[in-house]
Amino acid sequence: MITAVYPGSFDPLTHGHLDIVDRAARIFDRVVIAVLENPSKRPLFSTGERVSMIRESLGERPGVEVSTFNGLTIDFARQVGAKVIVRGLRAVSDFESEFQMALMNRRLEPEVTTVFIPTSLRHLFLSSSLIKELAEFGGDIAEFVPANVVGPLKQRLTREQQHEHP
Ligand code: PNS
């Protein structure tokens with residue numbers, strides 16, 4: 001039984017993330033999506049909101065779970081008995097920092113291996129930050145994020161704007 005952890009900010013979840021989850025779920029017995037509770041990154045959505053949106057988007061996906069963590073990914077991986085950390089790779093620009101992180105994690109725990117899964121071509125350019133920017137300026141985000149994320153994302157960004165320019 002191989003457990004994989006798929007860590008990230010997921011602020012918010014995109015179709016690109018779901019694609020990686022599905023690919024990972026076909027390879028590993030158990031995939032734990034691990035949402036980082038990181039207030040220093042000033043996430044748009046609270047950890048609870050991100051977790052609920054992910055759960056809703058996932059629907060019935062056997063072997064896939066959602067959890068939150070604080071601190072180091074590798075400690076969370078140990079906690080859930082994972083031997084694998086999954087990260088999605090888009091362009092070459094992702095590679096350097098992802099490679100550094102993978103090597104650091106291996107240094108911290110040689111028993112855990114990072115597996116990079118290339119994203120599908122249609123999600124190559126997707127990122128949560130780009131989608132937030134698109135939504136902020138009224139662009140159509142419906143094709144990039146799961147249906148249940150569209151409403152909250154639009155609402156939240158409108159509220160943020162009102163906050164900034166009352
Ligand atoms: O979705 P993101 O923001 O690209 O995810 C980054 C994440 C959460 C995977 C990374 O920042 C992380 O693992 N943070 C926890 C601290 C940690 O373990 N850092 C790497 C070793 S120092």
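Author: We take the pocket, then the ligand, then the backbone.

Author: This is a predicted model, in which local features need pLDDT of at least 70 and side-chain atom pairs count only at pLDDT 80 or more, while totals for chains, interfaces and linings use all residues. Residues are numbered from 1 along each chain as its sequence is written, and side-chain values use heavy atoms, leaving out hydrogens and water.

Reader: How much space lies in the largest pocket?

Author: Rolling a probe the size of a water molecule over the atoms shows where empty space is left. A pocket is an open set of points on a 1 Å grid over the protein atoms alone, where a 1.4 Å probe fits, with protein on both sides within 12 Å along at least five of seven lines. Here the largest pocket holds about 960 Å³. That volume is the space filled by probe spheres set on the points, which are joined across faces, edges and corners.

Reader: Which residues line the largest pocket?

Author: Lining residues have an atom within 4 Å of a point. There are 41, and Pro 7, Gly 8, Ser 9, Arg 87 and Glu 98 lie nearest the centre. Helix H4 gives the most, eight residues. Helices (H or I, at least four residues) and strands (E, at least two) are DSSP runs, numbered from the N terminus.

Reader: Where does the ligand sit?

Author: In the largest pocket. "Sits" means that more than half of its atoms lie within 2 Å of the pocket's grid points.

Reader: Which residues surround the ligand?

Author: A residue is near if one of its heavy atoms lies within 4 Å. Among them are Leu 36, Lys 41, Met 101 and Asn 105. H4 supplies the largest share of this shell, three residues.

Reader: What should I look for in the backbone?

Author: Most residues other than glycine have a negative phi, and most peptide bonds are trans. Phe 10 has a positive phi, near 50°. A cis peptide bond joins Asp 11 and Pro 12, with omega about 0°. Phe 10 is in the loop between E1 and H1, and Pro 12 is in the loop between E1 and H1 too.
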